Amino acid sequence: MTRENKWIDIGEIAKAWVVEAAQHIKQALEGTFNVEAKSNPDDLVTDVDRSTERFFYEKVTSHFPKHHFLGEEGTAEKLDRLDGTVWIIDPIDGTMNFVHSQYHFAISVGVFHDGVGKVGIIYDVMNDEMFYAVQGEGAYVRDTKLKTITTSSVNESVVGVNARWLVEQRAPFRGELERLVRDVRGVRSFGSAALELAYVAAGRLDGYVSLKLSPWDYAAGKVLLAEVGGTITTLQGEELSLLEPSTLLAANSSLHSAIVDQYIKGE
């Protein structure tokens, strides 16, 4: 690496790989692909997900043989620690959108070193819109630097929430989320956690809530939000795990505190 900040160089390499992977995905959409269900009929995976993850795995291991790899589709062995440099990748976040509408899905790449986010990339494949951040260097959408996200009150906020969490009788925090949804200005659901986190970082959403996500869903978004003053934790305000599934709340700092204190903890 030639620059003082090697993460800038690694980020540039990762961006090039993301664009290359996106071209393969677009080509796959011109033909046919296999669709399978994983844990339930709504948890979909395609051979394009798997081939895209293999593409990244081969790139990372050949260029950075000492780095580690964590991906949704199990290309590499499961990690039990975050020592060293770890690439956390979702090859297609929003697979249901990919299958049904062939729109609103993203490639998500987070690079962490000893558990600290260094590079985050979320790429909306069909809109050709890249959200990108390097620790300490700011966050960008395409070539425009993102501003620090502004504070907002609950009743002035538009929040990303999946409506399914509100209708499933046994869903945790169902009552709390029903109260939140009644009080906010509006609710949206785009079907891709990575994109919704990118939208929070870009100020298009004021907050985003989920009851079950995996590290590859939010790793890149965590890096983006750190660069624009956002807060991302579990729904109860605790540190996110990068090795296990978790609930998630991402928002500007004041809205985050209001949701945790007034709705989740009920203080």
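This is a dialogue about how to read several features of a predicted model.

Trainee: What describes two packed helices?

Mentor: Two packed helices are described by the angle between their axes together with the distance between those axes. In this predicted model, the axes of helix H6 (residues 193-201) and helix H7 (residues 215-227) come within 8 Å and cross at roughly 10 degrees. Angles under 35 degrees count as roughly parallel, and H6 and H7 are therefore roughly parallel to each other.

Trainee: Which residues in H6 and H7 meet?

Mentor: From H6 there are Ala193, Ala194, Leu197, Ala198, Val200 and Ala201, and these meet Asp217, Tyr218, Gly221, Leu224 and Leu225 in H7. Sorted by class, the contact of H6 with H7 has nine nonpolar residues, one polar and one charged.

Trainee: Is H6 mostly covered or mostly open, and how many of its residues are buried?

Mentor: H6 is mostly covered, since nine of its nine residues are buried; among them are Leu195, Glu196 and Tyr199. Just after H6 comes Gly203, which takes a positive phi of about 80 degrees.

Trainee: How are aromatic pairs to be read, and how many does a search of the whole structure find?

Mentor: Each pair is read from the distance between the ring centres and the angle between the ring planes, and a search of the whole structure finds eight aromatic pairs. One of them joins Trp17 and Trp87, which form a tilted pair with 5.5 Å from centre to centre and 35 degrees between the planes. Trp17 lies in helix H1 (residues 6-29) and Trp87 in strand E4 (residues 85-93), so this pair ties together parts that are 70 residues apart in sequence.

Trainee: Why is the pair of Phe190 and Tyr199 given the name edge-to-face?

Mentor: The ring centres of Phe190 and Tyr199 are 5.1 Å apart and their planes stand at 85 degrees, so the pair is edge-to-face, the cut-off for that name being over 60 degrees. Phe190 is partly exposed, with a relative accessible area of 25%, whereas Tyr199 counts as buried at 6% relative accessibility.

Trainee: Which residue lies over the face of Tyr132?

Mentor: Lys15 lies over the face of Tyr132, at 3.9 Å from the ring centre.

Trainee: Where is Leu166 found, and with which residues is Leu166 in contact, leaving aside its neighbours within four places in sequence?

Mentor: Leu166 is found in helix H4 (residues 164-167) and counts as buried at 17% relative accessibility. Once the neighbours within four places in sequence are left aside, Leu166 is in contact with Arg174, Leu177, Glu178 and Val181. Separation along the chain and in space can also be read side by side: Leu166 and Ser101 are 65 residues apart in sequence and 24 Å apart in space, C-alpha to C-alpha.

Notes
Residues are numbered from 1 along each chain as its sequence is written. This is a predicted model: local features need pLDDT of at least 70, side-chain atom pairs count only at pLDDT 80 or more; totals for chains, interfaces and linings use all residues. Side-chain values use heavy atoms; hydrogens and water are left out. Axes are lines fitted to C-alpha atoms, for helices over the stretch in contact, and angles run from 0 to 180 degrees between N-to-C directions. Helices (H or I, at least four residues) and strands (E, at least two) are DSSP runs, numbered from the N terminus. Angles under 35 degrees count as roughly parallel, over 145 as roughly antiparallel, 65 to 115 as roughly perpendicular and the rest as oblique. Contact means heavy atoms within 4.5 Å. Ala, Val, Leu, Ile, Met, Phe, Trp, Tyr, Cys and Pro count as nonpolar, Asp, Glu, Lys and Arg as charged, and the others, Gly among them, as polar. Rings of Phe, Tyr and Trp (its six-membered ring) pair if their centres lie within 6.5 Å; planes under 30 degrees apart count as stacked, over 60 as edge-to-face and the rest as tilted. Buried means under 20% relative accessible area, exposed over 50%, partly exposed in between (1.4 Å probe, protein chains only). A charge sits over a ring if NZ of Lys or CZ of Arg is within 6 Å of the ring centre and within 35 degrees of the ring normal.
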